[in-house]
Amino acid sequence: MSNFNAERFIVSKLRSIPPSGIRKFFDLVANTKGVISLGVGEPDFVTPWHIREACVYSLEKGYTMYTSNWGMPELRQAVAGYLEERYGLSYSPENQLVITVGASEAVDLALRAVVNDGDEVIVPEPCYVSYKPCAVMAGGKVVSIPTKPENDFQLTAEQLEAAITEKSKVLVLCYPNNPTGAIMNRDELSAIARVVEKHDLLVIADEIYSELTYNGQHTSFASLPGMKERTILINGFSKSFAMTGWRIGFAAGHPDLIGAMVKIHQYTILCTPVTAQMAALEALKNGLEHVYRMKEQYNQRRRLLIKRLNDMGLDCFEPKGAFYAFPSVKRTGLDAETFCEELLKEEKVAVVPGNAFGAGGEGHIRISYAASINQIEEAMERMERFVARRYRELQVRAQA
Amino acid sequence: MREKILEILRCNARISHEQIATMLGMDPEEVTREIKAMEDEKVILKYNTLINWEKTDVNVVTAMIDVKVIPQRDVGFDEVAERIYRFPEVRSVSLMSGSYDLSVVVEGKTMKEVALFVAEKLATIEHVQSTMTHFVLKHYKQAGVIFEDKEEDRRQVVSP
């Protein structure tokens, strides 16, 4: 027997991070046949053909080399133009933008670039699963703020104010939100901005779902007065252009902050794959029409899903962004995990328990409507049967 | 709103008005009214079914025929087109720019039947100068639908 103990070599910070709650559920779903999955956090659309075609063409032309660490100048130029046109933000493609391996890498870079050991990173939850682990790996201490359904899952200025200590340094904002579908409009964000300014915080704004905003226009946090220099804006192509697997995103912000992020990026990643960059360039040049077309489809599915959920008596606040609904399942008498496991077992529908997304997610499930109308309809039929059975059981128990 | 209703119907003509209303955030009665109006105005002409005949026992032979017409005074393209589209064998007729004038799609049970139709009926119509017949060997995509789409859902069943 060797006396080698691999575990001993793994850094303790990493050991403190629990395994993903989604992973466990994934194995369960993957081993069940005939499942309709509304548990997928990515578009059901395949990347528009012209983008795929442009990538193939770029390979034929020999685009197989490294690019600038910051990303190809043409692409940075195009991203700058896009941010200007869509969100009224002006960033210099020279030193205020970096192209990253998905928005995920940008989140990691941003946190590593600004978090010192012991700095507090404020994270409103439920939220995407990677902020907390990345903050912890960067040496930060995570301060979670549970957002509430009665506040439409928005962060309130009061909550933020209450979470501040002298160690507070960074606020992570993700609106439109995964998993709740919540958005925050200009006024609501302005209230947050005032607290941010008062306490000299830096904001990491993950706006990956910005194009999927259904009632009104998305407001970028960086577009608020005084917030541009305080915000590391993160966005990408995954959700808007249905390009998840390409792994391409970007970050924009103050030259010093972006410069610091690029320092990490260049020594770890070197540059984002050129194939993905070529595809992204085509997406920005000619793909926006597809974005709007897909958004309209999501919007139609969203309305359908919400109606079905309300019809079956589940409380669901109206999600106005991303492609998720986040209803409460409390009325069924089940906790989120039990609901998801039994629904999978009995009706073969996969949805994700809300507690996988942190505090405040318990009692809720995340339903993705990145699925066809027919799939959504069928899944809702099944779920309605399931929920009705649980209601009946509760009634019988109450009478007994 | 009409455009959105049409876009939904184009993809699924059998969808209920209630469902359309939900999807578009409209009142069901309003949807019914709009659709009825579009039917009356002949914006919506018919609700067809797209069939892959190759998967049935029915023989369907399709030919696309380029028709050149000699334009003559008082007899525009429309009159010649009408003489052609009145035949039930003819599935579609369009006026074209370019090297020929009318593009005609003809369906029959056999190649012979279609060939005979072209030779006896189509080519003999007054003002038809020439025809060029192309038989369809295989349909890959029709009305926006790929017949055998190999692009399945390749996503992970659950992801964050």
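In this predicted model, A:A325 stands opposite A:I367, a residue of β12(A).

The strands β9(A) and β12(A), the latter comprising residues 365–368, pair in the antiparallel sense over 2 bridges. β12(A) also pairs with β11(A), again in the antiparallel sense and over 2 bridges. Here A:P353 stands opposite A:I365 in β12(A). Together the 3 strands form an open, antiparallel sheet in the order β9-β12-β11 of chain A. β9 and β11 (352–353) of chain A stand at the edges with a single partner strand each, so one side of each is left without a neighbour in the sheet. As for β12(A), both of its faces are covered. A:I365 and A:I367 are buried on one side, while A:R366 and A:S368 are buried on the other.

**Chain A as a whole**

Chain A contains 14 helices and 12 strands. Its radius of gyration is 22 Å, close to the 21 Å given by the globule rule for 400 residues, so chain A is as compact as a globular protein of that length. The C-alpha trace of chain A spans about 70 × 65 × 50 Å along its principal axes. Of the 400 residues of chain A, 50% count as buried. Among contacts in chain A with a separation of 6 or more, 75% join residues 24 or more positions apart.

The domain assignment divides chain A into domain 1 (12–46 + 289–390) and domain 2 (49–287). Taken over C-alpha atoms, the centres of the two domains are separated by 25 Å. Their contact takes 35 residues from domain 1 of chain A and 37 residues from domain 2 of chain A. On the side of domain 1 that touches domain 2, the elements giving two or more residues are α12 (288–311) and β9 (324–325) of chain A. The largest share of that side, 7 residues, comes from α12(A).

The contact between the chains takes 12 residues from chain B and 21 residues from chain A.

**Nonpolar cores**

In soluble globular proteins, nonpolar side chains tend to be buried together. The largest nonpolar core in this model has 132 residues. Those with the most contacts inside this core are A:A110, A:V172, A:I204, A:I234, A:A251 and A:A279. Helix α6 (residues 102–114) of chain A provides the largest share of the core, 7 residues.

A:I204 illustrates how such a residue is surrounded. Not counting residues up to four places away in sequence, A:I204 touches A:V107, A:A110, A:L111, A:V170, A:V172, A:I232 and A:I234. A second, separate core has 14 residues, including B:I65, B:I84, B:V104 and B:V114.

Terms used:
Residues are numbered from 1 along each chain as its sequence is written. Chains are lettered from A and ligands numbered from 1 in the order in which they are written. This is a predicted model: local features need pLDDT of at least 70, side-chain atom pairs count only at pLDDT 80 or more; totals for chains, interfaces and linings use all residues. Domain bounds come from an automatic or database domain assignment. Two residues are in contact if their C-beta atoms, placed from the backbone, lie within 7 Å. Helices (H or I, at least four residues) and strands (E, at least two) are DSSP runs, numbered from the N terminus. Two strands pair if DSSP finds at least two bridges between them. The radius of gyration is taken over C-alpha atoms; the globule rule is 2.2 Å times the number of residues to the power 0.38. A residue is buried if 20 or more other C-beta atoms lie within 10 Å of its own, exposed if 12 or fewer, and partly exposed in between; C-beta atoms are placed from the backbone. A nonpolar core is a set of buried Ala, Val, Leu, Ile, Met, Phe, Trp, Tyr and Cys residues joined through C-beta atoms within 7 Å.
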